[in-house]
Amino acid sequence: MTKFQLLACTAVLLTPASAWAQDAKSGTGATDLRATSATGQAQTPTDQTAGGTSTAADQGTGFADDIVVTAQRTSERLQDVPISVSAFTGAALETQQIKNSLDLQTSLPNVTFTKTNFTSASFTIRGIGDLCTGFSCDAATGIHLNDVPVPGTRLFENEFFDLERIEVLRGPQGTLFGRNATSGVVNIITARPDLSGVRASLSAEYGNYDSKKVQGMVNLPLGDTLGVRFAGQYLNRDGYTRNVFDGSRIDGRDLYQVRGSLRWQPSSSTTIDLVGAYFHEKDNRSRIQKQLCNRDASAVLGCSPDRLDNDTVNANATFASLLTSTEFFRTALSPTLAPFGIRSINNFNADAFSNFVNPTGLRTVNSSINPTYFADEINGQLRIDQDFDSFAVSLIGGYNRSRVDSTTGYFQNVPNSIIGNAGIGAFRATAPALGLTAARNALFDASGNLCAAGTDRNYVTPFNGQNVGCYSYGYNYDRSRSKSEGYSGEVKINSNFDGPFNFLLGGIYLRGSTEGDYYVVNSEGGYGAAIIGLAQGTAVGAPPGSVFRGPAYFNSETDRYRLKSYGVFGETYFQFNDALKLTLGLRYSRDEKFVRDRNPLVSILIPYNATNAFASQVAANVPGVGFDADAGTPGFQIFREAEVEFGRLTGRAVIDFKLARDSLLYASYSRGYKSGGINPPFDQTLFTAPTTFRPESVDAFEVGSKNTFMNGQLRLNASAFYYRYKDLQLSRILNRTSFNDNTNADIYGAEIEAVIRPDRNFLVNLSASYLKSKIKDFSLVDTRDPSGGRSDTVIIKDLTNASNCVLRSTQGSAAAANTFVNVVNGALGLAGTRAVAGTNTTGAISICSTLASLAAGQVPATNALFPLQQGLRAAFGVPTGALPFAFNTNAAGVATGLPDGIPVDLTGNQLPNAPMYKFTVGFQHTLPIGEFNLVTRADLNYTGEYFSRSFNRNIDRIKGYEVVNISVQLNAPDDRYFLRGFVQNLTGNDAITGQYVTDASTGLFTNVFTLEPRRYGVAAGFKF
């Protein structure tokens, strides 16, 4: 079905459905904020949980209670809003066991949610999620707390508590909501003080994994016009994952959160709300669930691109192993240093991880390092609403400060022992003669264990004596940390005229800053730093043994990211008659972004006695030796500084028609926009690449209908949409950093949500969605297989920096390409080509720059490799000019700019995290037992198959999965107390929800993220 057929068919089908609703008698439509499902249908009159709020209204013989939402920045019945929006009240979240964002996404059509690699997550709506990587990336899905944008929030790491409701708006929301959002908005509305009386609630829950959760609320009126509300939650549980290395359980939780709210209503026309919240977590939460790899025996890729297995990466394909190898010391430094090599990469299967066995099962790992996790967040908000009869004015201010700091085992394994290693033994024995006694003492303890560097921005560990411990193996870990702070101010004016015309005007200003680091440490890197420093220090005249080449660890450092953003927006509403309404809106947005960053790695000559690498670096201004974070600026820069500005005019138009009070038809067009940004820092001595990426925009067309039938016994909402995307931002990991590319795409689909309620005691809710996404006219190099599937290539693992490059025969001859590499490698003392499993070609460890010079015929006569070049000319019959090989070019022979390989065509591929099918079925029954009620509920949520990357390889395929939840709850009269038993994920499904493929320099392993396991338990609570 094409997008146009889908839209047309939906429009035709919706018209008779709405006509049916026009003939049906409906209830009075009184507002009810009880437990409400995605279509706004109240769950049951007796399912209020501790802390829930309700303003019940008798609906006569009907059962269709309504929820009021603010999806259009004003209070409206959900069924009157011409937008695809799902809403859940606080009680519905409890009843449907929606405790966090992972639970929330399973209950929504065309929505997915998964954790991602760098202490972040991606909320994807209608195929559009957070596919961009970097501090300067804007979120595709706008996250709001009480209508206030909160970029960088940790809201989706904690559990929901004491909420009035959650609204999820699908589709671009650029006109009304704080910052532009191309996929949609998630608006979390907290419960506010109730001035009508004293309220309190308390509940306690115990479950498997020794899970203990307590949450409560106290609501206190302080007179007739002032009230306060305090709420809090504490959660502590054991880890979901077992680490067989030490028998511990990891990925546990120990967190708490508190919130205080104050409401002052000095008059019926004035309301002032003040909200403050704090979240704190310190435990062993794991950023990843499991690391998977089909070990690449050739050591060219590290992991084969054909499938995910319970293997570990071939360490000889990784940066630390290459830079401490016999071949690197001999070829890139000096033959006299070759005896210090830890191992030979010519024996490409005898690597540092060769003895490791990765246990089966996604919830069992064998890691020498247990994760650590710390996060906290402060939120403050002030809102003033003033009604002037014909106008209403709202002033909204928000403040957010968030911190996160986490570590985990980078390779999630246990490396082979280095005790007794011949190269290390030779170094330790000869260190005094080389003037490296201080280096030896910093690198090794008395037992010969290798010490691992700590992480800080001085970049001198472990040579300043500071380390995180000394171990008998290469200790490896990563650390992701950031701190963000921001505030926003917004003013909004709504008219309330009696006539057919009304309007909304507003403006917002947001300012924020972030600083952060992503460190990767391998203790073998410190050993390599000492040996490289010995060779290069001598070359620039430094005394022997006085400097090392550092830092001994990787860091993508963002010293400062600053955002200034403002927007002015407005909408006009033309009510032509009681049934027909036209909405026209415009918005202008302006974003200014500045970043100051760098990513040094073994790139500075540092004295052993230094306290700060950059303050003490040796030969700082010597080309090829000094560090330069920004090659585009004259001189040597210790930071890259970049600044960009973006501005765009967007808007929307909506026509909606009411066939009856409970039957709405609508059609809309909206333009969504997300600003561009600055790519994360990269080593500009290795390659050139764009510093910035472009904004993305979307033209979104939608038709829909919202209906209530049979006196409220059936509620049915449906919509169909078509998106035309331009410059959609997609991220990939390449050469030790992230790059964000822009592509075009088409997306279309349909959604349906229904609630069936034949009587007050029985309820069925249903939802289903269809989604089709297509990438348009776009090609990229797949780092999993940079050969592009061609057989006339040789994939090269660069000995000097662990990146991959690709040599291609211009004559289409695989034999010639292999002969060329084998001759060169023979001269360099490196092993020849071998088959690379999962590809159609071969590969070898070599030096890309050497191969490129020889292939281009540009080696000067004074160079030691000149005789080799002449021999190659004779062998291939090319007396002058370039040899018949292309290097770092595409199939047309054009330089790619990034030394990565041969692009593959992605046209027609699906976007990541965009399942074609999704459905939800929920059943709920209330059994009166005297004055008590027994509420039984079961939910089945199914998410169809999708891909984790835009390449859509079989290895990227994420299988469809189901989640089944059941609960039984006994409610006392007037819901004074309850007792509940529950099971979440009844089938124990360990389905993967997302994947992350690492860089070539660490072997292209895959981190996977999963559902939470089966949880069961009991809960009890009371309220008054």
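Visitor: In which loop does N913 lie?

Guide: This is a predicted model. In it, N913 lies in the loop between β43 (904-905) and β44 (917-929).

Visitor: Why does N913 count as buried?

Guide: The cut-off for buried is under 20% relative accessible area. N913 has 10% relative accessibility, so N913 counts as buried.

Visitor: Which residues does N913 touch, not counting residues up to four places away in sequence?

Guide: N913 touches T112, T114, S122, T124, L131, Y946, F947, S948 and T993. Contact here means heavy atoms within 4.5 Å.

Visitor: Where does V602 lie, and why is V602 called buried?

Guide: V602 lies in the loop between β27 (580-598) and β28 (604-607). Its relative accessible area is 15%, and the limit is under 20%. V602 is therefore buried.

Visitor: What makes T364 buried, and where is T364 found?

Guide: T364 is found in strand β18, residues 364-365. With 16% relative accessibility set against the limit of under 20%, T364 counts as buried. Leaving out residues up to four places away in sequence, T364 touches T241, R242, V244, K290 and P359.

Visitor: How do you know that F554 is buried?

Guide: The value for F554 is 9% relative accessibility, and buried requires under 20%. F554 therefore counts as buried. The place of F554 is in strand β26.

Visitor: Which residues does F554 touch, not counting residues up to four places away in sequence?

Guide: F554 touches Y518, Y519, V520, N599, P600, L601 and R736.

Visitor: How many residues apart in sequence are F554 and S122, and what is the C-alpha to C-alpha separation in space?

Guide: F554 and S122 are 432 residues apart in sequence, and their C-alpha atoms are 25 Å apart in space. S122 is also one of the residues that N913 touches.

Visitor: Why are α5 and α8 called roughly parallel?

Guide: Two packed helices are described by the angle between their axes and the distance between the axes. The axes of α5 (residues 326-333) and α8 (residues 523-539) come within 11 Å and cross at roughly 20 degrees. Angles under 35 degrees count as roughly parallel. α5 and α8 are therefore roughly parallel to each other. α5 passes α8 in a right-handed crossing.

Visitor: Which residues make the contact of α5 and α8?

Guide: F328, F329 and L333 of α5 and Y527, I531, I532 and A535 of α8 make the contact. By class, the contact of α5 with α8 has seven nonpolar, no polar and no charged residues.

Visitor: Which residues of α10 meet which residues of α11?

Guide: F820, V824 and L828 in α10 meet T850, L851, L854 and A855 in α11. By class, this contact of α10 with α11 has six nonpolar, one polar and no charged residues.

Visitor: Which residues touch the most other members in the largest nonpolar core?

Guide: The largest nonpolar core has 89 residues, and F463, Y527 and F820 touch the most other members. Leaving aside neighbours within four places in sequence, F463 is in contact with A439, A442, L443, G526, A529, A530, F548, A552 and Y608. Apart from that core lies another, of 32 residues, among them F156, I166, I992 and V1008.

Visitor: Which residues does a cis peptide bond join?

Guide: One joins T461 and P462, with omega about 5 degrees. P462 is in the loop between β21 (450-453) and β22 (467-471). Another joins G550 and P551, with omega about -5 degrees. P551 is in the loop between β25 (547-550) and β26 (554-575).

Definitions and conventions:
Residues are numbered from 1 along each chain as its sequence is written. This is a predicted model: local features need pLDDT of at least 70, side-chain atom pairs count only at pLDDT 80 or more; totals for chains, interfaces and linings use all residues. Side-chain values use heavy atoms; hydrogens and water are left out. Helices (H or I, at least four residues) and strands (E, at least two) are DSSP runs, numbered from the N terminus. Ala, Val, Leu, Ile, Met, Phe, Trp, Tyr, Cys and Pro count as nonpolar, Asp, Glu, Lys and Arg as charged, and the others, Gly among them, as polar. Axes are lines fitted to C-alpha atoms, for helices over the stretch in contact, and angles run from 0 to 180 degrees between N-to-C directions. Angles under 35 degrees count as roughly parallel, over 145 as roughly antiparallel, 65 to 115 as roughly perpendicular and the rest as oblique. A crossing is left-handed if the near helix is turned anticlockwise from the far one by less than a right angle, and right-handed if clockwise. A nonpolar core is a set of buried Ala, Val, Leu, Ile, Met, Phe, Trp, Tyr and Cys residues joined through side-chain atoms within 4.5 Å. Buried means under 20% relative accessible area, exposed over 50%, partly exposed in between (1.4 Å probe, protein chains only).
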